[in-house]
Amino acid sequence: MKKINYHFVDTTISKNNLCAKYKIVDFILREKRVAKEINFIFCNDEYLQKINKKYLQHTDLTDVITFDHSHEKKLLGDIYISIERVKENALIFNSTFKSEIARVMIHGVLHLIGYTDKSKIEKKRMREMENKFLKKIL
């Protein structure tokens, strides 16, 4: 049984404005692993930058950070998403907010199930998986 929580910190956007209703996590986890609990924390740039600096020692802005707290085969994690970065990325990549928020949510969950994006090959594979799941939900 999985529990998916949505939290909003320092942002005016609400769950009704997000594409979470598409059950993105269900699509990804259906054949992968059993999820115990996944928290999506939607926030602003400043909040996420503080997390990035404190826990990852990075000072740059990012759109998503995933913390994996999984235990054995039970998936447990926190996925922080900057709404400001998602909006800006939608403009930069000539996309919609709906598509970009879905992409970063998918990206975070992919990290939880073991995908990484450190190398060029890993980044390419991650993008392929993001696109695969985006096609299923949009």
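Q: Are Y6 and F42 buried or exposed?
A: In this predicted model, both Y6 and F42 are buried.

Q: How many aromatic pairs does the structure hold?
A: There are seven aromatic pairs in the structure. One of them is formed by Y6 and F42, and this pair is stacked. The two ring centres of Y6 and F42 are 6.5 Å apart, with 10 degrees between the planes.

Q: Which strands do Y6 and F42 lie in?
A: Y6 belongs to strand β1 (residues 3–8), whereas F42 belongs to strand β2 (residues 34–43), so their pairing ties together parts that are 36 residues apart in sequence.

Q: And which residues form the aromatic cluster with them?
A: Y6 and F42 form one aromatic cluster together with F8 and F40.

Q: Changing topic: what is the volume of the largest pocket?
A: The volume of the largest pocket is about 730 Å³.

Q: Which residues are closest to its centre?
A: The largest pocket is lined by 24 residues, and those closest to its centre are T62, V64, H107, H111 and D117.

Q: Which elements give two or more residues to that lining?
A: Two or more lining residues come from each of α2 (45–56), β3 (64–68), α4 (97–112) and α5 (120–137).

Q: Which one gives the largest share?
A: Helix α4 does, with five residues of the lining.

Conventions:
Residues numbered from 1 in each chain as written. Predicted model: local features only at pLDDT ≥ 70, side-chain atom pairs only at ≥ 80, totals over all residues. Heavy atoms only, no water. 1 Å grid on protein atoms, 1.4 Å probe; cavity = no way out; pocket = protein on both sides within 12 Å on 5 of 7 lines; lining within 4 Å. Points joined across faces, edges and corners; volume = space filled by probe spheres on them. Helix = DSSP H or I, 4+ residues; strand = E, 2+ residues; numbered from the N terminus. Phe/Tyr/Trp six-rings, centres within 6.5 Å; stacked < 30°, edge-to-face > 60°. Buried < 20%, exposed > 50% of the residue type's maximum accessible area, 1.4 Å probe, protein only.
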